[in-house]
Amino acid sequence: MMPNPSMDPHPSTVKATFSLPVAGVRLEASVQLPAGRTTLTQLLPIIQNLENAILGRVAEEAAAAGSPISCRAGCGACCRQMVPVSLFEAEALTEWMRSLPEERQKELAERFHRALSALRDAGVIDKILKDEWTLEEERTTQLAIDYFHAHVACPFLENESCTIHPIRPLACREYLVVSPPELCEDPSVHDVMGVQLPLKLSRVLHSFGQELERDPRGWIPLVFLLAWGKSSAQPGEQIAGTGEEVLRKLLERINQIAGVAKD
Ligand code: SF4
């Protein structure tokens, strides 16, 4: 990572450049970081932009190979799955929800309650809370199928569109398919062809979360967001420093997890 010196003796932001090898080429990145104390949660907009750039490159590769991404706005078929949300994204989304007008907060709270009740009635919540499913891949897959078969839409899905698209979780961004969209109506039956990503930043954030929570997951199901937010947890505070320090920790973790080298 290369910090850029500035003429301003007390800048509020500093520029940093680095590169990541993605899908066989180097992705050059240049970001403005807070000069003062910041947290991993506060760096999320930068992480989301980085993820978008990685996925953009992946989409270009897929199109060039003759298998363009088939995901389109208005198709919310995949929004009935269990979405893993990192603790840092949970913190940011909780903060965002608290900033909404009271009426909208109430509406969202009702949507979350309805989704939780439907999943409870389908027996899925009990299975999630038992945690045993994290131990074996077969059980994890079965839980994912049970969740999907409960047909419970994400509380943020309205008219088959994501109402939080610009700030949606990394896991949602990473779910890209090249098969016909109609197959996504039941991935447990149809052969949905997902794109293999060279790097998933969601996994990087989950690994930070695993250290903080001593939880094998390091994330929460999105549908638990409202309940999780009531704890007022601030996981980002535990990975804090100057903008450059937090970015360095992030790049080191990417390097560890995905073998991605930084400059
Ligand atoms: S956050 Fe948005 S993209 Fe993700 S599951 Fe919910 S509605 Fe779909």
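At 1% relative accessibility, does F156 count as buried or exposed? F156 counts as buried, where buried means under 20% relative accessible area, exposed over 50% and partly exposed in between, with a 1.4 Å probe and protein chains only.

A word on ground rules. This is a predicted model, with local features needing pLDDT of at least 70 and side-chain atom pairs counting only at pLDDT 80 or more, while totals for chains, interfaces and linings use all residues. Residues are numbered from 1 along each chain as its sequence is written, and side-chain values use heavy atoms, leaving out hydrogens and water.

Let's start with the whole chain. It has nine helices and nine strands; these are DSSP runs numbered from the N terminus, helices being H or I of at least four residues and strands E of at least two. A compact globule of 263 residues would have a radius of gyration near 18 Å, and the chain has 19 Å, which agrees. That radius is taken over C-alpha atoms, and the globule rule is 2.2 Å times the number of residues to the power 0.38. Buried residues make up 43% of the 263. Take contacts (heavy atoms within 4.5 Å) between residues at least 6 apart in sequence: 71% of them join residues at least 24 apart.

Now for the rings. Rings of Phe, Tyr and Trp (its six-membered ring) pair if their centres lie within 6.5 Å, with planes under 30 degrees apart counting as stacked, over 60 as edge-to-face and the rest as tilted. By this rule there are three aromatic pairs. In one of them, F88 and F208 have ring centres 6.4 Å apart and planes at 90°, so the pair is edge-to-face. It ties together distant parts of the chain, with F88 in helix α2 (residues 87-98) and F208 in helix α7 (residues 201-213), 120 residues apart. Both F88 and F208 are buried.

Our opening residue turns up in another pair: the rings of W96 and F156 have centres 6.3 Å apart and planes at 65°, so this one is edge-to-face too. W96 is in helix α2 and F156 in the loop between α5 (137-149) and β6 (157-158), 60 residues apart. W96 counts as partly exposed because its relative accessibility is 27%. Ring pairs also bring in F112, linking W96, F112 and F156 into a cluster.

Finally, the charges. One sits over a ring if NZ of Lys or CZ of Arg is within 6 Å of the ring centre and within 35 degrees of the ring normal. R253 has its charged end over the ring of F208, 4.2 Å from the centre, and R217 does likewise over W219, at 5.7 Å.
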